[in-house]
Amino acid sequence: MALRRKSKQFRWHRKHLLGLRELSAEEITYILDTAKGFEQISTRSVKKAPPLRGKVVVNLFFEDSTRTRNSFALAASRLSADIIEFTKKVSSVSKGETLLDTAKNLEAMGIDIVVIRHNAGGAPKFLSRNINACVVNAGDGFCEHPTQGLLDVYTIRKIKGSLEGLKIAIVGDIAHSRVARSCLWAMTKLGAEVIFVGPPTLMPTQVGRLPVSVSYSLDEVIEKVDVINMLRIQFERLGGNPFPSVREYSHYFGLTAERMKRAKPDILVMHPGPINRGLEIESEVADGANSVILEQVKNGMAVRMAVLFLVNQAAAQKN
Amino acid sequence: MSTELLIKNGRVIDPANGIDKKCDLLIVDGLIAELGKIEKSAQNVIDATGKLVTPGLIDIHVHFREPGDEEEETIASGSAAAVAAGFTSVVCMPNTNPPIENETDVEYIHRKGRQARKTHVYTMGVITKKREGVELAEMGFMAEAGAVGFTDDGNGVQNPAVMLRALKYAAMFDVVIAQHCQDDNFAGQGVMNAGLHSTILGLPGADALAEEAMLWRDIQLVKKTNVRYHAQHISTAGAVELIRAARKDSLPITCEVTPHHLLLTEDCCAEVDTNYKVNPPLRTAKDIEALKEAIAEGLIDALATDHAPHLQSEKELEFLTAPFGIASLECALGLYVKALVEPGILDWPGLIKLMTEKPAKIIGVDKGTLGKGKQGDVTIINPNAEYEIDVNKFRSKSRNCPYNGWKVTGKVEKTIVGGEIRFGA
């Protein structure tokens, strides 16, 4: 209750959402509280509210995405914004139109919010320094995917009441996961304890300097945790040969029905999608009673509406 | 009729001859004629009271981008920047487009340097054709044309057998083989130091091991061949350890350090400002400490800028895709003073030695001293003048310099090349 009162006095001032690492617990809680208010819009018969009427949101996606892009588009449209879809394969060299020129051209058309997904960590931050529009990070390289982190903590908070004192395992390819990083920042700021689980070859450099414990054994961790977040093995990003075979990976790090037997009965099973069924998670578990995977997708809508609403409001106050 | 230039009352520092005293210096017909108390008058007199009078500064690692990338820098713009920064000699790296790989290319650099009429412009040639690390380039012809060393800078020579062959072959010519120590298998696609910030940003990191592995390998090759070898821009504590051991074994190995590896750490990359993207990457405070200790110990032979100009439009890219490099030639002296003289690691003669006598030895040119009969290359420095670095005043064509706005001490007042005042007249 005290927290809620505090968050009512709080004023959101950021016109960009670049990552969760730079947010305070108070700011994260404020987004979650704001999202709560938007959740019911999706259940109405008329699924529309007016706060972004007359505003233009561009989905600037340099990487493939289905879920996040559609979720942002739908969130923007429910808030009555106009949406431009801009999809472009990023060029690896400096030839051709640069990110900055692309964004400035779009800005010249009068856009208000850029939702950007890019293969380079830090690209949204770079963009935010160089254009006037609001920038919302929809995933940058292996750096952050803040709305995914937010919807994950939103989902946990909704079911468990709070993240304070929870033990949360994030399992899989940590090194190449922006979801793992955003989740780590949000979860620890809200009082949870995070354990990264995966083979050492999929842990990032100097992982010990992050506020996280590391385990190479899912079997040791499975019994202790309140939430388990299974990451997708991103075959398209794996460089070299970080594990010998899919079979061996699944053996050690797959979330099987057998392993679930040793988990707490009220464990939440999460996955940012898309799922490789039978690889990092068995279908029986993904579709089972502890799974909140589709709940995550649903909550993603509310969280993204809240983020678009807040950055737009902050921009309006600044201008 | 002879031309005379008399520099009066300066603190003359000539490390090669162990000189550090207040006296006068006379240059006649472009050559050092006399050093001491000089009573006679001359056609041209400079009052250097309160100033340092040193051998002309030498930077053995610059990228002037010509031929191929003249929009970033030319030999004319680069040498104008150099002379304004007190340098009377520079060594261009051969990773131009196309690279410097035969005598015609070497002569082209020399000609452009002469035409610019600012500093002496030297060049290294490549070790391997097209810097591909496969076939040896024509080192003999290039050496005869005046190339002062060989390097595939920008790349390290990856294949150990090719590197061994290069060192063996170079034994014919008494030239130095210089290496950008970086094992690409370890470095991967690294764009910053492999560490906390690369992990937080999710950007590929280049591990210190990438530098150390190649340096270790090359030291073994030098043991076999005993050919002069120079490790360019070393940046890690581990590399310092390797150099220390090599020195104990009296191997013919020298090395250089850049200003940025003495002043900046990987923390600077946290905000993905591409002006901090450089190769080898900015390391950690511990590495800086090790480099400074090495300098205090005399393990480091030269200070070199690795001046690497790039257009603003190229640096205005994502950290992942922007090119590597820092343009620091024009503020180099002030940076070295900040890194080394102010904290008491070197005194002025110590600093000047690493910018004159020792780099001249590495590239095997008869420069870097004020001995009688030597070429009249002299730099006059006001050691107490403080100024603010302003990239917009650079003579270099590029502005990719993270030191903009820094206050530094130690300003070049005049640069004299071959007895002619080329800067500060």
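Q: What makes domain 1 and domain 2 of chain B separate domains in this predicted model?
A: Domain bounds come from an automatic or database domain assignment. For chain B, that assignment gives domain 1 as 4-52 + 375-423 and domain 2 as 56-363. The C-alpha centres of domain 1 of chain B and domain 2 of chain B lie 25 Å apart.

Q: Why are residues of domain 1 of chain B said to be in contact with residues of domain 2 of chain B?
A: Two residues are in contact if their C-beta atoms, placed from the backbone, lie within 7 Å. By this criterion, 29 residues of domain 1 of chain B are in contact with 44 residues of domain 2 of chain B.

Q: Which elements give two or more residues to the side of domain 1 of chain B that touches domain 2 of chain B?
A: They are β15 (378-388), β16 (407-417) and β17 (420-423) of chain B. With 6 residues, β16(B) gives the most to that side. By class, this side of domain 1 of chain B has 16 nonpolar, 7 polar and 6 charged residues.

Q: How do you know that chain A touches chain B?
A: The cut-off for a contact is again within 7 Å between C-beta atoms, and 23 residues of chain A are in contact with 19 residues of chain B. On the side of chain A that touches chain B, the elements giving two or more residues are α4 (99-108), α5 (123-130) and α7 (178-189) of chain A. The largest share, 3 residues, comes from α5(A).

Notes:
Residues are numbered from 1 along each chain as its sequence is written. Chains are lettered from A and ligands numbered from 1 in the order in which they are written. This is a predicted model: local features need pLDDT of at least 70, side-chain atom pairs count only at pLDDT 80 or more; totals for chains, interfaces and linings use all residues. Helices (H or I, at least four residues) and strands (E, at least two) are DSSP runs, numbered from the N terminus. Ala, Val, Leu, Ile, Met, Phe, Trp, Tyr, Cys and Pro count as nonpolar, Asp, Glu, Lys and Arg as charged, and the others, Gly among them, as polar.
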